[in-house]
Amino acid sequence: MASSWIAAARMILMLTGGAVCLVSFNRPCSGQTTDTGAEVQTVPAFDTENFTLRRFIAVHGRQALIDGYSTGGLEVWAYPFQILSGYRVAFRNPGTTTALEGQDILSRVIYEPNVVTRIYLGPDFVVHEKLFIPLDHPGAILTYEISSSHSVEIEVHATPVLNLMWPGALGGQSTAWNPSLSAFVLTEPADGYSAVVGSPQIVAHDEMDNRTVRDGSSASLGFTLQPDQAGNAQVYIALNPPRTVDPGVLFRQLVRDRIALEAAAIAHTGEVLRSQVKVETPDPGVNQAIAWSEIALDQAWVCNPDLGCGFVAGYGPSRGERRPQYNWFFAGDGLVATQAAIAVGDFEHARKELEFILRYQNRKTGMIWHELSQSAGLIDWAGKFPYMFVHVDISFQFLSAVERYVVASGDTGFLREHWKSIELAYEYCSSLIDPATGLPRIPSDKEGGDEQDRISDDLGLSTGWVQAASQFAHLAMLAERRDLAKQATEASRLAAAAIPGQYWNAEQNFWVSGHTPAGQNALERRSSPAEAISLELFSPEQNRALLDQLASSSFQTDWGARSVSSGSGGYDPSSYAKGSVWAMGTASLAETFWSQHRPVSAMGMWQAMMPWTSLDSPGHMHEVLAGDVFRAQGESVPEQTWSSAGFLDATVHGLLGLDVDGLANRITFAPHLPADWRGISVENVHLSNASLGLVIERKSTGLVLRIDNPGQVFNLLFSPELPLGSQLAAASFRGQPTDAKLEQHPQETDARVVLTVVHGKSELNLEIQGGVSVIPEMAQPRLGEASSGVRVVWTSLADHVLTVEADVRSDRESRIQVKTEWGIAKVEGAELKTAGDGVFNLAIPANSEKSPSGYYRRVRVSVEFKP
């Protein structure tokens, strides 16, 4: 895959000792050391110098947040309170009366994991504004660095709030100037919370007086900063615990420890990158997307003083009253994040999230909760608000996540400690099963996965029951509850057998997503649940029909998979759930296509998620995009946790085919690498308290797998995708011949080698002959434009004839690339063009007569090879 994906985001590079490493500002490169001698891991910064400045900003800590759009006022949160809204700055040259508004001269924004820097270009000065949140304190620090030949004053204005996150609320807040702190102190009388906003460098401030006549700005606080001789100034914001006698304790700590707090945050990011699965590919854009997705997952970990610590669902600007999009706890979103944490080896946070979810389980019914506002600890959330126990599907997802965690981590202690709660969740799921069908039904006062339509049962929930019951059976066996294991296994079998008859539409040759309370089929052809295909719940013929349709242009775009087919009744590309494109759904489909040995289509879906990381908040992914043109859907959250988590899961389990079984002391590594990648490196694969390394190097004669095992002996199943139709000439492991098998599927060829890997370094060599790789044209989407890339529906190779069926744009030439050492005898359906040594382009001409301009048409191309 070409590195054009990063054309929109400039990365800062530094040369060290002849090697290129990725850094931000003056931070050391990975492998360099700080003054203390500690190695620092870094992640490439995003710089908005070359593209639109209207992007979402979020600076995260465990207990606080600064967020907003870069050209508007910012919000400052210290959980569960909003401290300020509308934070904005202006700059004044000495002796002048008119200040320059910051938003009018904002010229550049640089995004790093621990700080966002906004750069303002005045007529004769430059200001770097660094937004920073300490990792473990409910406060914020904003630093201003001015480059100028003369002094420049900084004016700060914001609206004081000190009120709870939606839907909680307090009253009676007041704001007063405290001269001993050189700060405004915000207070509320009911519970005695207070917050401080100020700076030792304030030289003037507005009075928050009680006037009868007030103008539009008199409800805001304002002050002027005089930078020091070096041109630096800071603003400090701190939230105090209730009834704090001295409101300045944390404020003074932030002032005193600013540099140390910044260093601690940098060190934390380094530790995240050093401890989780690290993937290095030949494509810097891919490396950046993977690293930032791991950072995004870490940034979603929030600690609420009343509720505890867990993953929040995402970050976005407030809509209405103090509702910062999804910056509160959803158990379903947390379970998706947990799956990603397991995938990258972050077992610590995976366990903590599962325990956080269990803390609020309904002890009477066993149901897993849906939603917790960050203000839930200070209001009667479960009693007065209808959001706590709504979605029945989350309890099913919970059982699956627990099993995956226990297997990957080998943490059977978690299972023993929480067995009663896990069993209770299973009992709740069982209580929803209709004895007539063996499938779950949704109670009239609850919802499944669909929040938009009222349905009584859905395929996603029924598929979830097949999975959950099977995985609970495994947990029950581990807990030595063979009676429950037998019961759950039978429940899963009965449900799997019932699904084809309940959820198949023979007329559409497609699944039925659910039924209305009146028993009617849901009309839309939906792209989920992909797991129904992975579990092979339908017949092989039905699975092929599903895969063919899901790979087509009616579902696929240049930026992912539509939730509803463009040819389906009810399709609306601008809607939230009936035609828009979801990163999480696209990731799930990519995994499914890889599992079904359709690697060309799978790769296209996975690659389609790359542009998401630079669409809005750089390094992060939106919740949902439009289904017709490349843009965010109107309701979408700019930093959606499950989007980044889904991408990570698809990368680890799909692209890498990496699966860790801590219980069996086994690793499966079944990578599906793009044909133009020369190799890949995967570090920090956690198994049995050891961090393993796996490196693949492609050579002209085959490939080499290098294994670095600092731990004990383990078993490895290595099953890499090879060129379609290739043959294995030889295999050796640690210098000795080894048994290797070839698995030929209609659309994929794999090797299969089972190895016992001892302590130390080992090397596997596979010699490969022949074969062909198919590389469809990938279009880089542009804002406001429709899809133009090739959608490969299926491929096959028989008697050295490659056949590709694909959807292509009618109004333009399209290309499919093939890479092979074979010669080419004949091509039908395309014009053959040589692109390089062993690389050929199959050019498919435009044909606007067959369909309207801008729409796709189906083509078939065949290539006869002469080995």
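**Entry 1: around S41**

I started with Val695, whose bridge partner in S41 is Arg706. Before going on, I noted the ground rules: this is a predicted model, where local features need pLDDT of at least 70, side-chain atom pairs count only at pLDDT 80 or more, and totals for chains, interfaces and linings use all residues. Residues are numbered from 1 along each chain as its sequence is written, and side-chain values use heavy atoms, with hydrogens and water left out.

Strand S40 (residues 690-699) runs antiparallel to S41, and seven bridges join them. I count two strands as paired if DSSP finds at least two bridges between them. Strands are DSSP runs of E with at least two residues, helices are runs of H or I with at least four, and both are numbered from the N terminus. S40 and S41 form a hairpin, with two residues between them.

Which other strand pairs with S41? I found strand S48 (residues 760-769), antiparallel to S41 over eight bridges. There, Ile707 stands opposite Ser762 of S48.

I then looked up burial (buried is under 20% relative accessible area, exposed over 50%, partly exposed in between, with a 1.4 Å probe and protein chains only). In S41 (residues 702-709), six of the eight residues are buried, so this strand is largely enclosed by the rest of the structure.

**Entry 2: around S9**

Next I went to strand S9 (residues 106-111), which is joined by two bridges to the antiparallel strand S3 (residues 46-47). Phe46 has Tyr111 as its bridge partner in S9. S9 also pairs in the antiparallel sense with strand S10 (residues 115-121), over five bridges. Arg108 has its bridge partner, Ile119, in S10. S9 and S10 make a hairpin with three residues between them.

**Entry 3: the whole chain**

I get 16 helices and 56 strands for the protein chain. Its radius of gyration (over C-alpha atoms) is 28 Å, close to the 29 Å that the globule rule (2.2 Å times the number of residues to the power 0.38) gives for 867 residues, so the chain is as compact as a globular protein of that length. The C-alpha trace spans about 85 × 65 × 65 Å along its principal axes.

How much of the chain counts as buried? I noted 60% of the 867 residues. For contacts (heavy atoms within 4.5 Å), residues 24 or more positions apart account for 64% of those with a separation of 6 or more.
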